[in-house]
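Here are some notes for a colleague who is looking at this structure for the first time. Please read them with the model open.

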Amino acid sequence: METVTHHAPDVGSIRLHADKRLPRFTPGQFIHLTLEPFDPASFWPESRVFSVANAVTDRRSVELTISRQGHYTSRILDELTVGEQVWGKGPYGDFTVDGGAGYNHAVFIAGGTGVTPFSAFMDEAISRGQLPVESATLYYGAQSVDLLIYRDLAKRCAAMCDGFRVVCYAEEANEESGNALRSGRIDLDQIISECSDPTRTAFYLSGPKAMIDTFQEALLTTHGLVAEQVLIDAWE
C-alpha cells in the first residue's frame, strides 16, 4: 500500500504498488481486491471488485477509489494503512472506449465513485495527448463539491486534449456557479439536449445501480437509442 487518502468517512482512495510488473491495462477495466492472505495453491479468497482509476502507464501503480457499501468495503476503508500488503488480480472487463462500432463521440455519465473508469480514460488521454474518439464529454455528479474527487483531473484533460469537455454536478450547492458546475443531480434530458448527434454517440454509464438502471431505460425508450450504444459498468 503506497498511499491512503480519506475524502470523507465513507469514501477513500488507495494507491497500490505492485511487487512485479503488471499486465497492460485498458481504461475501464477492473481488478479483484482482497485483504486476505492469498495462497496461489488454494482458492481465491473473499474479495471485492473495483474499477481502476488510473492508466497504469508505469505497469506498477494502481489507484482505486472506494465507497462504503457493506462490511468488506468498510474493512478496506477503516483498516488499510500505508505499507500493508493486499492482493489483487486482473485486469478484467470491456467497459472501454475505442471509437468502435461507428460511434465517434462519447458521453460519460458518472455518479460518485463511478467516475473511476473515466478517470483512467482521462489519465491515459493526457499521457497520449489525444482522445481515442473525435470528442468526449464527462458529466460527473457527486453529493458535494469536495466529493468531485477527479474534477481537477477532468479540468486538466479538457485543457490538454482537444475534443474533451467536462460538466460537474453537486447536489449540495455552494457559491460556485457557471457552466462547469451545476447544482443538483445529473440531468439526463439536459445531456441529450446538449448532444449534437446522439445517433453517432456512445453513452457510458457508471455509478449507483439505481442511476444506471434509470438512465439506461430512459436512453433506450424515451430517447430512442439502440442497445449497442448504451454501455454500462455492470460488474457489481
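This is a predicted model: local features need pLDDT of at least 70, side-chain atom pairs count only at pLDDT 80 or more; totals for chains, interfaces and linings use all residues.

The points below cover a helix, a group of aromatic rings and a sheet.

1. Length of helix α5. This helix covers residues 209–222, which is 14 residues.

2. Just after the helix, glycine 224 has a positive phi of about 70°.

3. Aromatic pairs. How many aromatic pairs does the model contain? The count is seven. One of them joins phenylalanine 95 and phenylalanine 118, with 5.9 Å between the centres and 50° between the planes, and is classed as tilted. The partners come from distant parts of the chain, 23 residues apart: phenylalanine 95 sits in the loop between β6 (87–92) and β7, while phenylalanine 118 belongs to helix α2 (residues 116–128). Both phenylalanine 95 and phenylalanine 118 are buried.

4. A stacked pair. Phenylalanine 118 also pairs with phenylalanine 108; here the rings are stacked, 4.6 Å centre to centre with 15° between the planes. This pair links strand β7, which holds phenylalanine 108, to helix α2, which holds phenylalanine 118, across 10 residues. The relative accessible area is 1% for phenylalanine 108 and 2% for phenylalanine 118. With under 20% as the limit for buried, phenylalanine 108 is therefore buried, and so is phenylalanine 118.

5. The aromatic cluster. Phe95, Phe108 and Phe118 belong to one cluster together with Phe121 and Tyr204.

6. The three-stranded sheet. An open sheet has the strand order β1-β2-β5 and antiparallel pairing. At its edges are β1 (3–8) and β5 (61–67), each pairing on one side only. Neighbouring strands are turned against each other by 15° on average, ignoring direction.

7. Details of the sheet. β1 and strand β2 (residues 11–17) run antiparallel and are joined by five bridges. Histidine 6 stands opposite glycine 12 in β2. Helix α1 (residues 71–79) lies across β1, β2 and β5, at about 120° to β5.

How values were computed
Residues are numbered from 1 along each chain as its sequence is written. Side-chain values use heavy atoms; hydrogens and water are left out. Helices (H or I, at least four residues) and strands (E, at least two) are DSSP runs, numbered from the N terminus. The expected span of a helix is 1.5 Å times one less than its number of residues. Rings of Phe, Tyr and Trp (its six-membered ring) pair if their centres lie within 6.5 Å; planes under 30 degrees apart count as stacked, over 60 as edge-to-face and the rest as tilted. Buried means under 20% relative accessible area, exposed over 50%, partly exposed in between (1.4 Å probe, protein chains only). Two strands pair if DSSP finds at least two bridges between them. Axes are lines fitted to C-alpha atoms, for helices over the stretch in contact, and angles run from 0 to 180 degrees between N-to-C directions. Contact means heavy atoms within 4.5 Å.
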